[in-house]
Amino acid sequence: MPPPEAAPPQATPWWRGAVLYQVYPRSYADSNGDGVGDLPGITARLEHIASLGVDGLWISPFFPSPMRDFGYDVSDYCGVDPRFGTLADFDALVARAHALGLKVVIDQVWSHSAAEHPWFVESRSSRDNPKHDWYVWADAKEDGSPPNNWQSWMGGPAWRWEPRRQQYHLHNFLPQMPDLNFHCPAVQDAVLGVGRFWLDRGVDGFRLDTANLYAHDPLLRDNPPLPPGERGNSPVLMQRHQFNTDQPESLAFMQRLRALLDEYPGRFSVGELGGPEPVRAMQAYTEGTQRLHTAYSFAFLGDRPDAATVMERLAPWAGHSGWPAWAFSNHDAVRVASRWGGGSGASFALSGGGQAQAPCAALPPSTWMALLMALRGTLFIYQGEELGLPQSRLTFEQLQDPYGIAHWPLSEGRDGCRTPMPWLAEAPHAGFSTVTPWLPADPAHAALAVDRQEADPASMLHTTRALIALRRRHPALRLGTLDAWVAEGPLLVLRRQWNDDAMLCAFNLGADPLRHRLNAAPTAQAGGLALHGAHLVGAELHLPPGAALLQVMAP
């Protein structure tokens, strides 16, 4: 298969094959001693992010919000919540990041707002106000019940009665998070105005939250039930989301957004897409050059994959015009060090039942970081993933996450991946804050703090830097073709190639040592990285459990 690009690596867009670092502001660094992370705290720690060798950072929401869903319920799209700082603090963050060579990508939560947003306050006031159709309103059925059977991801029906209008409004998440009506041209115009506001402030791109929930079926048809074998353990996971996700109007809006971004050279968009067919959705939203630049799904945010499952996600992209993005952890998922490292635990999922997987043989987090760096696409790593942090365990009384509170004890929610970043092993609250944080600092994370790992050349932190540096040096890893030589059981052997740069990437994702003879002995060249005893002897791979070999080869 020929390389996907003819241009040299330096001529490709910066985001293609890039590695970005996700920051969850509440939990990264508290600069003012109130127990909540903030924008100046991020700015003060930007050198740590730059030292990883990543291309930029994605910052989760920092906008004014009642914080029912901790920033994903926005009451002002063009401001900064005082908990996090000011617009001047944001401008300073962008300036410092750019000085360090880092791009800045920010979350945009456009599928819904907070009920406190002035748009919704006006929209719900009457049926004839200027913004009467800016949200999704519908009459009750004759018996007073909601317009259809759509269910909320946070529990219960996706409709809430509004006595001022004597109508229901749609909410795919909390009742106080009403869905905007993207069938209304004025809404699209207003949202694009928000995008322009932040682009003018110098941001390099947007991560679009729940991007395939923007539009809904105007006829409000009932979602069909899922077959028994595909159902999850809550009502929202018992139906196929045929009419409240992935509507054609969402794709049409993406074209308008892409046109806006194209006015600003070098800017990009990445969409978060939930659904039962993650690769199909990712391809639909990134196809061609008039939709999103890239998109990621929950494809690798669930159960630990075997080699064949990895290739099921990767193979469909060969020759496709779109470009994928991949993440193994984020602010909604059980940390990969626990989820795939041998433990089990359900994630908040927009695409599956969320049941806990069976415990697996323990493998180190460096295995998963090496696998991530070998994938073809744009990559995201989540704060603390570079340290190999495991998932934190909280008591019910400590939970803040509304999803976790609603689904306890079937799910512990998302707080376990949102506990404070450990900076200093011996400091109170691991150096995150001088006061008790909004979530407790995990005592188990202290031994993995940044200062401890900086002092240990064999640490996960140094391994992460080495892996990212390898990817940066080799266009085969960033941009090249991907061919599976072996994808059976726990054994995954990939070949990545870009022109004269080639890389053999071999992984043992299982608990037993593996030896495998390749069809022909590759011509190894100087360079590469071997983890956990991996080595190549002639044509034979020697791979202990969790081993990873990224070996430079002759083309």
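Select Glu263. This residue is partly exposed, at 48% relative accessibility. (Buried means under 20% relative accessible area, exposed over 50%, and partly exposed in between, with a 1.4 Å probe and protein chains only.) This is a predicted model, in which local features need pLDDT of at least 70 and side-chain atom pairs count only at pLDDT 80 or more, while totals for chains, interfaces and linings use all residues. Residues are numbered from 1 along each chain as its sequence is written, and side-chain values use heavy atoms, with hydrogens and water left out.

(A salt bridge is a side-chain nitrogen of Lys or Arg within 4 Å of a carboxyl oxygen of Asp or Glu.) The pair links distant parts of the chain, 67 residues apart: Arg196 sits in helix 5 (residues 185–200), Glu263 in the loop between helix 6 (248–262) and strand 8 (268–273). (Helices, H or I with at least four residues, and strands, E with at least two, are DSSP runs numbered from the N terminus.) Arg196 is partly exposed, at 34% relative accessibility.

Next, select Asp332 and Arg418. They form a salt bridge too, with the closest N and O atoms 3.2 Å apart. Asp332 lies in the loop between strand 10 (325–327) and helix 9 (336–339), and Arg418 in the loop between helix 11 and helix 12 (450–454), so the pair ties together parts that are 86 residues apart in sequence. Are these two buried or exposed? Asp332 is buried, with a relative accessible area of 6%. Arg418 is buried as well, at 0%.

Go to Glu122 and Lys131. Their salt bridge has its closest N and O atoms 3.5 Å apart. Glu122 is partly exposed at 26% relative accessibility, whereas Lys131 is buried at 18%. How many salt bridges does a search of the whole structure find? The count is 27.

Last stop: select Phe396, Ile405 and Trp408. Together they form a nonpolar surface patch with about 260 Å² of accessible area. (Patch residues have over 30% relative accessible area and no salt bridge; like charges are joined within 9 Å, and nonpolar side chains, Val, Leu, Ile, Met, Phe, Trp and Tyr, within 5 Å.) Phe396 lies in the loop between strand 11 (378–382) and helix 11 (402–407). Phe396 is partly exposed, at 36%.

Notes:
Accessible areas come from the Shrake-Rupley method with a 1.4 Å probe; for residues, only the protein chains shown count as cover.
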